[in-house]
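Grab a pencil and work through these exercises with the structure open beside you. Try each task before you read its solution.

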Amino acid sequence: MRQILAGIETEYGLLVEGRGAEEQVDDAMALVRGYPGECHVGWDYRYESPRADLRGFKLNHLAFDPEDAKFDAGRSFGEAHEVRSDRVLPNGARFYNDHGHPEYSTPECWSIFELANHDCAGQKVVHRAAQAFAEREGLSVKTFKNNTDFHGASYGTHEGYLVPRELGFDRLFLDVLPMMVVRQVLVGAGKVGSENSRSVEFQLSQRADFLTEKANAETLYRRPIFNTRDEPHSNPQQWIRLHVICGDANMIPEATARKVGLMKLALALCEIGQAPIWRFKDPVRSFVDISRDQSWKFRIELDQRSWTTAPDILESYFAAAEACLELDEELRWVITSSRRLLSDLYEDFNRFRRHVDWAAKRHMLTQFMEEEGMEWSDPHLRSFDLEYHNADPEESLHAALAQMGEVVPDPDEADQLGCLEGVNEPTRALARGLAISRFNQHLLGVCWRTLTFNVDGSPIEVDLPPNAAYPQQLRTADDVGTFISMLRGVQ
Amino acid sequence: MTDGDRLTRPLTREPGKKSGEEGGPSAPDIRKPEGGNELLRRMKKIDPDQAKKYRQRSGQ
């Protein structure tokens, strides 16, 4: 089967002592700009197209949360690129301010485990920048790898998957939407309470309360399960970057790998026309119902008055993949380990919770509630929920669980640090990272799709095909001219 | 909820397979959790009103 290039972009929550949402954009800008590591400053925005829709049209404008507008009444932050404060790192990652949230976009990866390592490394980047900001300001600064503030504001952890343009919206929507709805059973991050009108003690997904549409191109408001933003970050005639916005930020790296692996299974089946067909009566309702189902039966209403369950849908993807795909080792792991977890959910919860964020969090809170005589209705539980996601390993409750062996461990420290220095895989992130670490003084522009160099006073733009194999020999280029020549030879 | 047929497989494979409501999984088994000092130490340090004060702008 064709390998699928993927990346993860995570917007972090930001809590600065004595400051609030009014100052959040200023604080996020300052935090990012003070990142204390090697980087390229700036981003080439020419190929961005957030209002383009996969269905063939372009929105006049994107919706925004009216609650946010009041923070900036009569105030301008300046040019958009100045506000974003982009930094590009030697591993090809992008670190910037997105609507007041420090955001780390991993380098593109082929391997789901490499991607999980880079997602962890991103947490280090954000934490280091937060520490430096705290020292400069003399204030306490906390960053959280989660997706909600418990007051109705959400911020995303998005996945990007490179798929052929020929698949198109209709086929992608039908084939991967069921997976988007049901995978939360295995990869939801868990959340105390509700942020819409229906109350609940605890739910699987951090994002379910904020999903109101089946499909659209919005991301800030009226968010969909299936995002139709058409921003390929590559040749638009050839590629789609499927922009998945309904997932949670995972603290357990294995869950990050599984989250991406499950989507890859669905996409690989879509490519060969063998994805299982499920017709939901109401996908949004199903997403919400699964997230809130305290019985863990995860029933889903289908068309024609029939019904099924989330585990049955997951199994249908696994069976189809085994029957129709030449699976690599990673996707075999996704199937085998996910099947085991679906069994453990009902038969060995103590094993299940070691691998799944929502279960680890729920167990931790249950334990504390029993010892302290608390009820689910206690508002203080949300503070513990938040602290599970603290990016500081010295404070994070997830990190404490990992240290105690209660959840599967993070990647080795050396592997995480290695991720900050560069990439192991022959992706275009290798070229981007080398350009920054070796030839930054020549760089005029950097983005996912291209690099633009200043060579003897003239701009030279080099396209970075996303599906090519970039040779390690790029490391041997002694001058920018040789580097450009080698890049142009990449197929 | 409707009381229609349960599908355990997708439409392309065995669309006629049926079973009843009773086919759902049994109640979850949650054993008494095991504690740990480091976790409790950190939990005791947390400002219980932290989430109440935590207000963010909507992101994407």
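A quick note before we start: this is a predicted model, where local features need pLDDT of at least 70, side-chain atom pairs count only at pLDDT 80 or more, and totals for chains, interfaces and linings use all residues. Residues are numbered from 1 along each chain as its sequence is written, while chains are lettered from A and ligands numbered from 1 in the order in which they are written.

**Exercise 1.** Work out the strand order of the open sheet in chain A and find its edge strands.

*Solution.* Step one: helices (H or I, at least four residues) and strands (E, at least two) are DSSP runs, numbered from the N terminus. Strands pair if DSSP finds at least two bridges between them. Step two: read across the seven strands of chain A, and you get E3-E4-E5-E6-E1-E8-E13, with antiparallel pairing. Step three: E3 (40-41) and E13 (239-244) of chain A each pair on one side only, which puts them at the edges. Step four: zoom in on E3(A), which is joined to strand E4 (residues 87-88) of chain A by two bridges in the antiparallel sense. In one of those strands, E4(A), A:Val88 is the bridge partner of A:His40.

**Exercise 2.** Describe how H4(A) and H7(A) pack.

*Solution.* Step one: two packed helices are described by the angle between their axes and the distance between the axes. Axes are lines fitted to C-alpha atoms, for helices over the stretch in contact, and angles run from 0 to 180 degrees between N-to-C directions. Step two: helix H4 (residues 112-137) of chain A meets H7(A) at about 130 degrees, and their axes are 8 Å apart. Step three: name the arrangement. Angles under 35 degrees count as roughly parallel, over 145 as roughly antiparallel, 65 to 115 as roughly perpendicular and the rest as oblique, so H4(A) and H7(A) are oblique to each other.

**Exercise 3.** How many residues of chain A are in contact with chain B, and what classes do they belong to?

*Solution.* Step one: residues are in contact if their C-beta atoms, placed from the backbone, lie within 7 Å. Step two: 62 residues of chain A touch 39 residues of chain B. Step three: sort the chain A side, and you find 26 nonpolar, 22 polar and 14 charged residues. Here Ala, Val, Leu, Ile, Met, Phe, Trp, Tyr, Cys and Pro count as nonpolar, Asp, Glu, Lys and Arg as charged, and the others, Gly among them, as polar.

**Exercise 4.** Which domains does chain A have, and how far apart are their C-alpha centres?

*Solution.* Step one: domain bounds come from an automatic or database domain assignment, which gives domain 1 (6-340 + 409-417) and domain 2 (426-488) of chain A. Step two: their C-alpha centres lie 28 Å apart.

Terms used
Contact = placed C-beta atoms within 7 Å.
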